[in-house]
Amino acid sequence: MEMQHRQMVTFQNVWKNTDSEIRDQVISIWKNFSKLPPEKINERMGQFLYVVKNEDNKVVGISTAFKTYIMQLRNHLYVYRCLITPDYSIPGLDAKLTVLSRNFLESIHKQDGPEVAIGLLAMIQNPKLKERTMAKWPASGFVYIGNSREGTHIRVYYFKGARIHP
């Protein structure tokens with residue numbers, strides 16, 4: 001994918017296989033570009049999914065996921081997050097990262113432990129993304145299902161053939 005400053009990015013799957021150099025770079029990104037407290041950063045260390053790297057092999061984006069039971073939906077889903085540094089926050093990059101992450105999780109969800117996840121859940125906090133008011137985002141397939149108490153948009157993507165528990 002070509003960037004506005006003529007650099008190319010690559011996507012690397014790091015699910016359950018993250019080296020210390022990538023971990024250090026992601027921690028730096030979270031410290032500089034998110035409001036995560038140190039305990040949340042430590043909690044997310046085992047949740048890496050994909051990293052986006054620039055031509056200099058530096059991490060400029062990250063996606064994470066963890067599986068949990070969503071009581072309101074009465075099923076297990078992966079909670080999905082992504083963060084792209086401001087220099088690389090261009091249209092389409094977040095969608096590409098999300099689609100790659102979604103497709104990978106869909107390919108492994110039946111083998112990923114005893115509780116099978118039926119899809120992904122995303123809490124949309126980015127104000128620019130919240131302006132995308134389409135009920136279903138065409139690129140990622142995420143569907144709007146409501147708001148949290150704090151006004152965060154909640155979106156879900158169901159894996160192909162997913163069945164809900166009665």
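This is a predicted model: local features need pLDDT of at least 70, side-chain atom pairs count only at pLDDT 80 or more; totals for chains, interfaces and linings use all residues.
Two strands count as paired if DSSP finds at least two bridges between them. Strand 2 covers residues 48-53, and four bridges join it to strand 1, with the two running antiparallel. To see one of those pairings, find Gln 12: its bridge partner in strand 2 is Val 51.

Now zoom out. Those strands belong to an open sheet of seven, ordered 1-2-3-4-5-7-6, and the pairing is mixed. At the edges sit strand 1 (10-13) and strand 6 (143-147), each of which pairs on one side only. On average, neighbouring strands here are turned by 25° against each other, ignoring direction.

Next, the helices. Helix 1 (residues 20-33) packs on the sheet and touches strands 1, 2, 3 and 4, with its direction making about 85° with that of strand 3. Helix 3 (residues 93-108) packs on the sheet too; among the strands it touches are strand 5 (117-124) and strand 7 (153-158), and its direction makes about 150° with that of strand 4.

Stay with helix 1 for a moment. Its 14 residues reach 20 Å from first C-alpha to last, close to the 20 Å expected at 1.5 Å a residue. Ile 22, Gln 25, Val 26, Ile 29 and Trp 30 are buried in this helix. Seen down the helix 1 axis, the buried residues fall within an arc of 140°, so they line one face. They pack against helix 2 (38-44) as well as strands 1, 2, 3 and 4. Turned away from that buried side are the exposed residues Asp 24, Lys 31 and Asn 32. Finally, Asp 19 caps the N-terminal end of helix 1, with a side-chain oxygen 3.1 Å from the backbone nitrogen of Glu 21.

Note on methods: Residues are numbered from 1 along each chain as its sequence is written. Side-chain values use heavy atoms; hydrogens and water are left out. Axes are lines fitted to C-alpha atoms, for helices over the stretch in contact, and angles run from 0 to 180 degrees between N-to-C directions. Contact means heavy atoms within 4.5 Å. The expected span of a helix is 1.5 Å times one less than its number of residues. Buried means under 20% relative accessible area, exposed over 50%, partly exposed in between (1.4 Å probe, protein chains only). The arc is that of the directions from the helix axis to the C-beta atoms. A polar contact is a pair of N or O atoms within 3.5 Å; within protein, one must be able to donate a hydrogen and the other to accept it, and residues adjacent in sequence count only if both atoms are side-chain atoms.
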